[in-house]
Amino acid sequence: MSRSRKPDFHECRGAYRHAWFDHDGSGFGRPEFGVAFHVQCFRCGTVRRDVVSSVDGRLLSRRYYYPEGYAWAEDERPTAAQLRLQALKTQKRNLKETKNMPRIER
Ligand SMILES: [Zn+2]
């Protein structure tokens, strides 16, 4: 994770989804069939492992490895609307943190 603050799972669970970058797959081993392709989220650390057919590129399996604390307890799962409201709050905070980034004007 590249940010100094604690991971905010709301961003990844809600409107933004995960922010993937390349992961070398170390520690995951080789698949029985096909070729493994790994990516990791820079915000929360989740790793997604795809196993792809090297013959035709078909996705043979996809699995996510979540960090501790990511999974919802059954009784705390929010609605999609609640996640969007949380995303609005998060964006407001993030925009303060990134106010010196170059802006694209339209
Ligand atoms: Zn994430």
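Reader: The expected span of a helix is 1.5 Å times one less than its number of residues. How far does helix α2 reach from its first C-alpha to its last?

Author: Helix α2 covers residues 80-97, 18 residues in all, and reaches 25 Å, close to the 26 Å expected. This is a predicted model: local features need pLDDT of at least 70, side-chain atom pairs count only at pLDDT 80 or more, and totals for chains, interfaces and linings use all residues. Residues are numbered from 1 along each chain as its sequence is written.

Reader: What is the pattern along the sequence?

Author: The protein chain reads α-β-β-β-β-α, with helices (H or I, at least four residues) and strands (E, at least two) being DSSP runs numbered from the N terminus. The radius of gyration over C-alpha atoms is 17 Å, well over the 13 Å that the globule rule (2.2 Å times the number of residues to the power 0.38) gives for 106 residues, so the protein chain is more spread out than a compact globule.

Reader: What does the C-alpha trace span?

Author: Along its principal axes the C-alpha trace of the protein chain spans about 45 × 40 × 30 Å.

Reader: On to the sheet. What is the strand order?

Author: The order is β1-β2-β3-β4 in an open sheet of 4 strands with antiparallel pairing; strands pair if DSSP finds at least two bridges between them. β1 (20-23) and β4 are the edge strands, and each pairs on one side only.

Reader: Over how many bridges do β2 and β3 pair?

Author: Strand β2 (residues 35-41) and strand β3 (residues 47-52) pair over 6 bridges, in the antiparallel sense. Within that pairing, alanine 36 stands opposite valine 51, and histidine 38 has arginine 49 of β3 as its bridge partner.

Reader: Which residue in β4 partners valine 51?

Author: Serine 61 is the bridge partner of valine 51 in β4. β3 and strand β4 (residues 59-65) pair in the antiparallel sense, over 6 bridges.

Reader: Which residues take a positive phi in the hairpins?

Author: In the hairpin of β2 and β3, with 5 residues between the strands, glycine 45 has a positive phi near 90°. The hairpin of β3 and β4 has 6 residues between its strands, and glycine 57 in the turn has a positive phi of about 80°.
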